[in-house]
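Subject: Structure for you to look over

Hello,

Here is the structure we talked about, with the sequence alongside. My notes on what was found follow below.

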Amino acid sequence: MAAKIFIDGEHGTTGLQIRTRLADRRDIELLSIPEAERRNEKMREDMLNSADIAILCLPDDASKQAYEMTAANNNVRLLDASTAFRVHPDWAYGFAEMDKAQKAKIQSARYVSNPGCYPTGAIGLIRPLRAAGILPDGYPVSVNAVSGYTGGGKQLIAQMEDENHPEHLAANNFLYGLTLKHKHVPEMQTHGLLDRAPLFAPSVGRFAQGMIVQVPLFLDDLAAGTTVESIHAALVAHYAGQDIVSVVSLTESAKLPRIDAEELVGQDTMKLFVFGTAGGAHVNLVALLDNLGKGASGAAVQNMDLMLSA
Ligand SMILES: NC(=O)C1=CN([C@@H]2O[C@H](COP(=O)(O)OP(=O)(O)OC[C@H]3O[C@@H](n4cnc5c(N)ncnc54)[C@H](OP(=O)(O)O)[C@@H]3O)[C@@H](O)[C@H]2O)C=CC1
Ligand SMILES: CC(=O)N[C@@H](CCC(=O)OP(=O)(O)O)C(=O)O
């Protein structure tokens, strides 16, 4: 029998992209609410409780409400794209490649939290180095990133694209999160296995989709003997045996004059790079992804498939 999937928030940016990815699937039945009724609580509650898996593509408060609406119904499993449950101990974190045990946790979980777009890049770079003992306790990690403007959902898309919007943004590239209290920091710290909160500096560019996340490191302050090569080897070993996260070879990286934030648009994979010069003092770790691919909708479909494969 086809699994029943309901996307709560199906008419938003993340929800629409999930719907597109699922449109031709014969193994699932998509439950749907007309766009005009998207905030009708009775209809949402009925649909949520009719689904085998409900994918929540909503702001945090509405996700928490959907959780309450389904709490008594053990037949429905939730996959939440918001920030609401990403460090909650009862929820499996939906980043299957971050750890060898994570895939099985997602497969069997009733509740799965889809990772944030920036944390997917940051955790993807940091966690293997913590696990390998390369990044020591107390290291002051910084994460610098640029996102396409769809990362801010319907509101930011309208502000960037509509010149008549009362809060139109004319900038081609802007920094934000200037209080350094971005909602993704707890998630980066918890799943990055960091003992100190990372300093996270995000920005947005005038392109719809795409993302670059950078973690610059000082080699002298890493575990004794760490080199560009040993960092690269640790990442390669960590991601062996799967095909979603790839680690670009040092030879290939060394030839690159630049990295295009839009290179992986439309793809649900992530590329990791290690930059540095032999004998140099610094390393720059870079993750490249589509904020709506591996950063949101693509990851959600991947997690849904794992949940269905249990
Ligand atoms: N965009 C991205 O790159 C990423 C987004 N996410 C997360 O995914 C979630 C959705 O984000 P995104 O798709 O960008 O946001 P959008 O604003 O584009 O879409 C959200 C949708 O949810 C609807 N909605 C809002 N409040 C309610 C409510 N109370 N009841 C029912 N429906 C409601 C909105 O309707 P209306 O039009 O009426 O407002 C809209 O259709 C967020 O938690 C976001 O943080 C995660 C990773 C990346
Ligand atoms: C460009 C932009 O505004 N990005 C969003 C993060 C993307 C998003 O909403 O995803 P999460 O659910 O993972 O938080 C922000 O900084 O709040």
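Predicted model: local features only at pLDDT ≥ 70, side-chain atom pairs only at ≥ 80, totals over all residues.

Domain 1 puts 22 residues into the contact, and domain 2 puts in 29. Between them, domain 1 and domain 2 bury about 1900 Å², and carbon and sulfur atoms account for 48% of that area.

On the polar side, 16 residue pairs are in polar contact between domain 1 and domain 2, counting pairs with both residues at pLDDT 80 or more. On the side of domain 1 that touches domain 2, α1 (13–22) and α10 (293–308) each contribute at least two residues.

Salt bridges

The count of salt bridges comes to eleven, and three salt bridges are found across the interface of domain 1 and domain 2. In one salt bridge, the side chain of arginine 21 meets that of aspartate 268 at 2.8 Å, N to O. In another, arginine 44 and aspartate 8 meet through their side chains at 2.9 Å, N to O. This second pair links distant parts of the chain, 36 residues apart: arginine 44 sits in helix α2 (residues 41–50) and aspartate 8 in strand β1 (residues 3–8).

The six-stranded sheet

Six strands form an open sheet with parallel pairing, in the order β2-β1-β3-β4-β6-β5. Its edge strands, β2 (28–31) and β5 (92–93), each pair on one side only. β5 runs parallel to strand β6 (residues 111–113) and is joined to it by two bridges. Opposite tyrosine 93 stands serine 113, in β6.

The loop between β4 (77–80) and β5 holds alanine 81. What is alanine 81 in contact with, leaving aside its neighbours within four places in sequence? The contacts are Thr14, Leu56, Cys57, Arg86 and Asn114. Leucine 58 lies 23 residues from alanine 81 in sequence, with the two C-alpha atoms 7.2 Å apart in space.

Strands β11, β12 and β13

In general, the strands of a sheet pair through backbone hydrogen bonds, in either a parallel or an antiparallel sense. Strand β12 (residues 270–275) pairs in the parallel sense with strand β11 (residues 245–247), over three bridges. With strand β13 (residues 282–289), β12 pairs in the antiparallel sense, over six bridges. Lysine 271 of β12 is the bridge partner of serine 246. Lysine 271 also has leucine 288, in β13, as a bridge partner.

β12 and β13 make a hairpin with six residues between the strands. Which residue in this hairpin takes a positive phi? Glycine 279 does, with a value near 85°.

Regards

Definitions and conventions:
Residues numbered from 1 in each chain as written. Chains lettered and ligands numbered in written order. Heavy atoms only, no water. Contact = heavy atoms within 4.5 Å. Buried area = accessible area lost by both parts, 1.4 Å probe. Salt bridge = Lys/Arg side-chain N within 4 Å of Asp/Glu carboxyl O. Polar contact = N/O pair within 3.5 Å; in protein donor to acceptor, adjacent residues only side chain to side chain. Helix = DSSP H or I, 4+ residues; strand = E, 2+ residues; numbered from the N terminus. Pairing = 2+ DSSP bridges.
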